[in-house]
Amino acid sequence: MIPQSFIQELLARVDIVDVVGRHVKLRKGGANWMGLCPFHGEKSPSFSVSPVKQFYHCFGCGVHGTAIDFLMSFAGYGFVDAVRDLAQDLGLAVPSEPGERDSKAEAARARAPDLVETLTLAAKFYGARLRDAPQAIDYLKRRGLSGITAARFRIGYAPAGWRALEAAFADYGDAALVESGLVITPDGASSADGPESGSRKRYDRFRDRVMFPIRNARGQVIGFGGRVIGQGEPKYLNSPETPLFTKGRELYGLYEARDALRKQNAVVVVEGYMDVVMLAQHGVENAVATLGTATTPDHVRVLARLVDRITFAFDGDQAGRKAAWRALEACLPHATDTRRIEFLFFPAAHDPDSFVREHGREGWDRALAEATPLSEFLLRELSSRVDLNVPEGRAQLQSQAREHIMALPAAALRQQLIRRVAASVQVGVEDLERFYGITGSASPRPRPPLRPVLAQRATAVRAVERVFGLAARHPSLAFEIPLDPADQSPAIDPGVRWSHVEGASDVTSLSPAELPLDVQSWLRQLRSLPAGASFASVLTLVSGSPELLARISAHEASPWSGFSIDEARPEFHRALAELVLVRLQDEIAGLAEAGLAGPGDSERYQRLQRRMLALKAAYGRVRR
């Protein structure tokens, strides 16, 4: 964990006008700086940055926060990455609190600057070698690539020799070359064996390939993709997993597309490097690509933080449809009512690259307008697997759709899909909801096994509903919150610290008095039950309150409804922490909207900001 004292020092030293001004055009307006809000479309500037208070606030959409918050919201950084980015600008090293260090993680972080420098030098070398490689230039020209586009994406060429990188690095035996994935050392050889063994047995990973640098959100080169020019396998070769690069998390072209993503609030996900590059050359600048792997939940989480419209553009063949289906499964927990997720399939003779070259930007826009919504693709694909003309086929669809529908957030889209499935399988909506365990008594049939990934989807449900549902299934959790002065902290560390008194000196501790009143009331009701009470006892307790009964039964089929007490404990305490963070955010927003005009408002605003930063660092981002 990053010490709170360092976070405060960082915010005191950083210039928020400089941080925001790198991404938003600001002009002086009195004591503050003003500009067009980067988080919503507007024609008149309502986005204010205060160099005195070191915070930003938009009077149009209400967003506000510190320099750390800005990088998290605007660039999609995690909290730790945002802190490190600001610290690097100031030349500060980010410390960790004693006793909480992960030695491997610390070692990886310590090596990161060296690896970034190594990869940056390699990218410059490959870029320079492209000018001397007529076969590579001819290949790119045949693909229709312009010199301007090649320069924008820093495309280069890895020479055919086994040790071409010796010309770029003074010490070819440097361990960083292996650790960054640029050089391969055969089994049994290492740099420690001396220049006559390990160093001489080394060879370049990338040879005779067009090179595509992969950059992170900060624009740093963290890996490469290499495309073979002539015949050879594999056609595309990616950097291996390194301390900087995990292909299941990174997206090619995300850095280059950052401005277009913000302006259009939309992204197109494709499969190939050349798809991204050629789309950008034809004016489609909001495209990114997965790195030779299926779309992962991490990919979707990154994109869902940045845009509200995600379109997956895949080949129309069987492989493309399989890739689209895997992407759909990763997207389900993020398919909220305000987010548009869709799928675009091309004719057999085309991929995004060839399609945009033949039909241009206008043809691309027409195709994009006809993309298939997630709901339509889901139902169409499931229905194609069964025979809806017979009861057995309809029963299969009813059963198979359950896992996917229940992975969706409990919102209007899920309700609409339930109606569609009910019509297809010829049952009533209420009957289908009972079968899925959404309302009423659940079907006596056992639930189909849920995939392991579903265990991570509890956060798709609002924190207050998770509190009610988890505590109902494990009433003993209510005794772990110090509602009364005599209460002790839980014997097992839940990952969240509670104090008996509001406003404790430890700013990362939470007080039960900060929780919503209905949550406090619910926890007190549960504490009236005897020790070891079960869910059945809870149902009896609330039998006289239909509203409360419906509330705790609403997510009966959610993955976390089957959590053990050990699995439920951290989820329960973190949901409570989220509620406190939401309250703090709302109070901060209220003070900002009032212009900090009241006596003591400015001081209270700063105090609340400091506390919220401390809680975010300890317990993560708020999810409403």
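Visitor: Which residues form one aromatic cluster here?

Guide: This is a predicted model, where local features need pLDDT of at least 70, side-chain atom pairs count only at pLDDT 80 or more, and totals for chains, interfaces and linings use all residues. Residues are numbered from 1 along each chain as its sequence is written, and side-chain values use heavy atoms, with hydrogens and water left out. Rings of Phe, Tyr and Trp (its six-membered ring) pair if their centres lie within 6.5 Å, with planes under 30 degrees apart counted as stacked, over 60 as edge-to-face and the rest as tilted. The members of the cluster are Phe-312, Phe-314, Trp-325, Phe-343, Phe-345 and Phe-377.

Visitor: What is the angle between the planes of Trp-162 and Tyr-203?

Guide: The structure holds 27 aromatic pairs. Trp-162 and Tyr-203 form one that is edge-to-face, with 5.4 Å from centre to centre and an angle between the planes of 80 degrees.

Visitor: How many residues apart are Trp-162 and Tyr-203?

Guide: Helices (H or I, at least four residues) and strands (E, at least two) are DSSP runs, numbered from the N terminus. Trp-162 sits in the loop between β6 (156–158) and α8 (175–179), and Tyr-203 in strand β8 (residues 203–204). The pair links distant parts of the chain, and the two are 41 residues apart.

Visitor: Is Trp-162 buried or exposed?

Guide: Buried means under 20% relative accessible area, exposed over 50%, and partly exposed in between (1.4 Å probe, protein chains only). Tyr-203, at 25%, counts as partly exposed. Trp-162 has 54% relative accessibility, so Trp-162 counts as exposed.

Visitor: How far apart are the ring centres of Trp-325 and Phe-377?

Guide: The planes of these rings stand at 80 degrees, so the pair is edge-to-face. Trp-325 in helix α13 and Phe-377 in helix α15 are 52 residues apart, and both residues are buried. The centres of the Trp-325 and Phe-377 rings lie at a separation of 6.0 Å.

Visitor: Leaving aside neighbours within four places in sequence, which residues is Thr-372 in contact with?

Guide: Thr-372 belongs to strand β16 (residues 372–373) and counts as buried at 12% relative accessibility. Contact means heavy atoms within 4.5 Å. With those sequence neighbours left aside, Thr-372 touches Glu-342, Phe-343, Phe-377 and Arg-380.

Visitor: What is the strand order of the open sheet of 5 strands?

Guide: Two strands pair if DSSP finds at least two bridges between them. In this open sheet the pairing is antiparallel, and the order is β1-β2-β3-β4-β5.

Visitor: Which strands stand at the edges of that sheet?

Guide: Each edge strand has a single partner, so one side of each is left without a neighbour in the sheet. These edge strands are β1 (27–29) and β5 (64–65).

Visitor: Which residue in the turn between β1 and β2 has a positive phi?

Guide: β1 and strand β2 (residues 32–35) pair in the antiparallel sense over 3 bridges, and Gly-29 has Asn-32 in β2 as its bridge partner. The two strands form a hairpin with 2 residues between them. The turn residue with a positive phi, about 70 degrees, is Gly-30.

Visitor: What is the bridge partner of Val-49 in β4?

Guide: Strand β3 (residues 47–50) and strand β4 (residues 55–58) run antiparallel and are joined by 4 bridges. Within β4, Val-49 is partnered by Tyr-56.

Visitor: How many residues apart in sequence are the parts tied together by Arg-569 and Glu-480?

Guide: A salt bridge is a side-chain nitrogen of Lys or Arg within 4 Å of a carboxyl oxygen of Asp or Glu, and Arg-569 forms one with Glu-480, the closest N and O atoms being 2.9 Å apart. Arg-569 lies in helix α23 (residues 565–593) and Glu-480 in the loop between α19 (463–473) and β17 (497–498), so the pair ties together parts with a sequence separation of 89 residues.
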